[in-house]
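Please read the points below with the model open beside you.

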Amino acid sequence: MIIEVSYRAGGAGKGSRAVFSDLVVGYLFLGGTGAGMSLVLSLLGLLVPRESVPGARRMQGGVAAWYRALFVPGYAVSLLLLVVGVVCLLADVGAIDRALLLFVQPSLSFLAVGAWALAACSLLTLALALMWQSRLTWRTWVTRLVQGGAVVAALVAATYTGLLLQSMPSVPLWASWWLPALFVLSAVSCGIAGVLGVAQFTGASRRFAEVLRRLAVADVVVIVLEAVAVAFFVVLAATAALPGGERTATDAAASASVASLLSGELAWLLWGGFALLGLAVPLVLDVLLARSSRPLPGTAFIAAASVLAGGFIMRFCIVQAGMHPSLAFGG
C-alpha cells in the first residue's frame, strides 16, 4: 500500500505513535502543486485566442515568443514537481513492482484512480510543454483537447491527495470531507503562485501584466475559500472531539489530534506558518498586485513563496496531527 498507518507498541496499547513516512508529506505537496500549476496553465491556455494556439499557422514572431516564455517554463516546472512527487510516492512504496500493480492490475480505489490521474497529468503536461515549444502546425482542436484533458486530470490528481487521507478510517482527524476541499483549494492557490513566480522569472510578466493581475484576484478568492475550508475542518474536528458521555478510543484519538493542532506542539506551525505566512501575508500581497498598475516582481515573488511555504506547512501539520502520539486503538 502506498500510504499505510502502523503503530509501534508503547506499553499496553498506550503512547503508541503512528508511523507515516515524511515522503508522503512531500508527495502531497509536490503532487498537489504540480497538478495545480498544470490546471492553471491549461485553463489559461484555453483562453488563448485561436490564432495564437500552438499549431495555428498565424502564430509567429513576437507573440509566439511571449506565449512560449509563459507556458513552456510553466509546464516544465509543473512536470518536474509531478515527477518528483511520483518519485516520493514510489520511494514510499519501497518496491517498484508493487507500484506497477496499480497499472497492470487496476481497481476502482482512490489509490488506483490517483495513480492513473498522476500519470495522465504528467503525460499531458509534458505534451503541452512540447506543443507550446513546437513550431509545427496542426489542427487547433488537438491543442484544445489536450488542454481540456489536462484540466480534468489535474483536478482529479489534486482531489485525490485529500481523498486518500480522508478515506483512512484509522485516523479520526482526517475523516472529514472538508479535507479534500482544503487540499484542492491549496493546490489551486499553489498552482497560481507557481505560475506567478515563473512569469516573473522568465520576464513574461511584462507582456501578460493584466492576466497576472487577474490571477492575483483569483488567488485572493481562493485564499479566502481556503481559510473558510480550514476553519470548518478544524471546528468540526474540535466539536467531534468534545467530551460528552462515554469516551471511545476514536474520541480520544480525535481529541489528541485536535489539541496537538490547535494548542499543542503543532500550534505555532499552524497559526504562524500556515494561517499567517500561508494565508494572511499572500492575501495582502495579492491585493497589492491586483491593484497595482505596474509590475511588482519582488511582491509577486514573496507572495508566491509565502503561498508555497504555507501549502507545505498545512499538509505537514495535518499529517502530523493525525499521527499524534496518543493515538491508540484497541488498546
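This is a predicted model: local features need pLDDT of at least 70, side-chain atom pairs count only at pLDDT 80 or more; totals for chains, interfaces and linings use all residues.

1. Residues are numbered from 1 along each chain as its sequence is written, and side-chain values use heavy atoms, with hydrogens and water left out.

2. Helix α5 (residues 140–166) packs against helix α6 (residues 178–202) at an angle of about 150°, their axes lying 8 Å apart. The two are therefore roughly antiparallel (a term for angles over 145 degrees, taken from 0 to 180 degrees between N-to-C directions of lines fitted to C-alpha atoms over the stretch in contact). Helices here are DSSP runs of H or I with at least four residues, numbered from the N terminus.

3. From α5, the residues A158, T159, T161, G162, L163, L165 and Q166 meet L179, P180, F183, V184 and A187 of α6, contact being defined as heavy atoms within 4.5 Å. By class, this contact of α5 with α6 comprises 8 nonpolar, 4 polar and no charged residues.

4. In the loop between α5 and α6 one finds S176, which counts as buried because its relative accessibility is 12% (buried means under 20% relative accessible area, with a 1.4 Å probe and protein chains only). A polar atom of the S176 side chain lies 3.1 Å from the backbone nitrogen of W178. If neighbours within four places in sequence are left aside, S176 is in contact with Q166 and F233.

5. The axes of α6 and helix α10 (residues 297–322) come within 9 Å and cross at roughly 150°, so α6 and α10 are likewise roughly antiparallel to each other. On the α6 side the contact includes L179, L182, F183 and A187, and on the α10 side P297, A300, V307 and L308 are among the residues involved. The residues of the contact of α6 with α10 divide into 15 nonpolar, 5 polar and 1 charged.

6. P282, which is found in helix α9 (residues 267–291), is buried, with a relative accessible area of 0%. Not counting residues up to four places away in sequence, P282 touches I223, L276, L277, A303, S306 and V307. Between P282 and L308, 26 residues apart in sequence, the C-alpha to C-alpha separation is 9.9 Å.

Definitions and conventions
Angles under 35 degrees count as roughly parallel, over 145 as roughly antiparallel, 65 to 115 as roughly perpendicular and the rest as oblique. Ala, Val, Leu, Ile, Met, Phe, Trp, Tyr, Cys and Pro count as nonpolar, Asp, Glu, Lys and Arg as charged, and the others, Gly among them, as polar. Buried means under 20% relative accessible area, exposed over 50%, partly exposed in between (1.4 Å probe, protein chains only). A polar contact is a pair of N or O atoms within 3.5 Å; within protein, one must be able to donate a hydrogen and the other to accept it, and residues adjacent in sequence count only if both atoms are side-chain atoms.
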